[in-house]
Amino acid sequence: MGAAVTKSDGQETKLEAKIIEAVQRRASRGTTMKSFNSIVLKFPKIDEGLRNCKAIFQEFDEDSNGSIDHTELKNCFRKLEISFEEDEINDLFEACDINEDMGITFTEFVKWRLGMPKLEPTFETLVDTFVFLDENKDGLVSREEMVRAIDESGERSSGRIAMKRFEEMDWDKNGMVNFKEFLFAFTQWVGIDENEEEDDDDNNDKA
């Protein structure tokens with residue numbers, strides 16, 4: 001899937017392997033998306049799924065500081081009665097902590113939906129969307145592929161929109177986007193972002 005936003009000098013974690021497998025499985029079946037407009041139409045359903053995910057994230061974030069640390073992750077597995085070995089928890093934490101700040105933020109948490117059946121449809125839709133954008137099915141979305149996908153939508157400003165969206169996804173600025181980068185950006189496209197609650201608190205303070 002490429003080296004962008006990965007860890008351990010390209011050493012693939014178990015979680016990353018499962019994510020790659022899910023993308024490859026969808027690619028082999030073909031995407032159900034017919035156009036970029038069909039993706040946009042699914043935004044409300046994806047948004048609902050991500051909000052459910054945020055509610056779960058807030059349960060795990062015991063000190064409400066906006067990120068899940070290693071201890072909180074272990075506690076959440078205990079609450080869910082999920083039996084993970086210490087090395088498996090370490091692997092999961094490492095795979096999710098994209099920016100390596102020793103805490104899993106919400107956008108990082110979204111990519112870990114494994115073991116949460118009610119979030120599976122949202123994850124599958126996101127995989128389907130990525131596969132649609134990945135025209136040559138090499139596991140990466142190029143700038144050209146993004147432009148072509150949005151050009152087909154018929155938007156008059158499609159070129160500018162495509163470039164803006166691509167820049168938001170291309171987290172390491174290497175000109176290619178892997179699934180983790182795509183997922184990281186998509187949470188913001190549909191209206192879920194890290195500052196949402198802070199903005200709400202600010203508004204309440206001003207009221």
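**Entry 1: helix H4**

I looked up what covers the buried residues of H4, and the cover includes helix H3 (43-60) and helix H5 (86-96). Contact here is defined as heavy atoms within 4.5 Å. Helices (H or I, at least four residues) and strands (E, at least two) are DSSP runs, numbered from the N terminus.

I note that this is a predicted model, in which local features need pLDDT of at least 70 and side-chain atom pairs count only at pLDDT 80 or more, while totals for chains, interfaces and linings use all residues. Residues are numbered from 1 along each chain as its sequence is written, and side-chain values use heavy atoms, with hydrogens and water left out.

Which residues of H4 are buried? In this helix, residues 70-79, I list Glu72, Leu73, Asn75, Cys76 and Phe77. Buried means under 20% relative accessible area, exposed means over 50%, and partly exposed is in between (1.4 Å probe, protein chains only).

I then checked both ends of H4. Asp69 caps the N-terminal end, with a side-chain oxygen 3.1 Å from the backbone nitrogen of Thr71. After H4 comes Glu81, and its phi is positive, near 55°.

**Entry 2: the annotation**

I looked up the UniProt record, an unreviewed entry, and its annotation "domain: EF-hand" covers residues 48-83, 84-119, 121-156 and 157-192. The positions are given in the numbering used here, feature names are shortened, and annotations may be inferred rather than shown by experiment. For residues 48-83 I noted 64% helix and 0% strand, with the end C-alpha atoms 29 Å apart.

**Entry 3: aromatic pairs**

How many aromatic pairs does the structure hold? I found 4. Phe57 and Phe106 make an edge-to-face pair, because their ring centres are 5.8 Å apart and their planes stand at 75°. Rings of Phe, Tyr and Trp (its six-membered ring) pair if their centres lie within 6.5 Å; planes under 30 degrees apart count as stacked, over 60 as edge-to-face and the rest as tilted.

Phe57 is in helix H3 and Phe106 in helix H6 (residues 106-110), so the pair ties together parts that are 49 residues apart in sequence. Are these two residues buried or exposed? Phe57 counts as buried at 4% relative accessibility, and Phe106 counts as buried at 1%.

I went on to Phe130 and Phe182, an aromatic pair that is tilted, with 5.5 Å centre to centre and 55° between the planes. This pair links distant parts of the chain, since Phe130 is in helix H7 (residues 120-133) and Phe182 in helix H10 (residues 179-189), 52 residues apart. Phe130 and Phe182 are both buried. Together with Phe179, they form one aromatic cluster.

I returned to Phe106 and found Lys54 over the face of its ring, at 5.1 Å from the ring centre. A charge sits over a ring if NZ of Lys or CZ of Arg is within 6 Å of the ring centre and within 35 degrees of the ring normal.

**Entry 4: two lysines with positive phi**

Lys137 is not a glycine, yet its phi is positive, about 55°. I place Lys137 in the loop between H7 and strand E1 (141-142). Lys137 is partly exposed, with a relative accessible area of 37%.

Lys173, also a residue other than glycine, has a positive phi near 60°. Where is Lys173? I find Lys173 in the loop between helix H9 (158-169) and strand E2 (176-177). Lys173 is exposed, with a relative accessible area of 54%.

**Entry 5: Glu144**

Glu144 is in helix H8 (residues 143-151). At 48% relative accessibility, I record Glu144 as partly exposed. Glu144 and Phe166 are 22 residues apart in sequence, and I read 9.5 Å between them in space, C-alpha to C-alpha.

Terms used
Polar contact = N/O pair within 3.5 Å; in protein donor to acceptor, adjacent residues only side chain to side chain.
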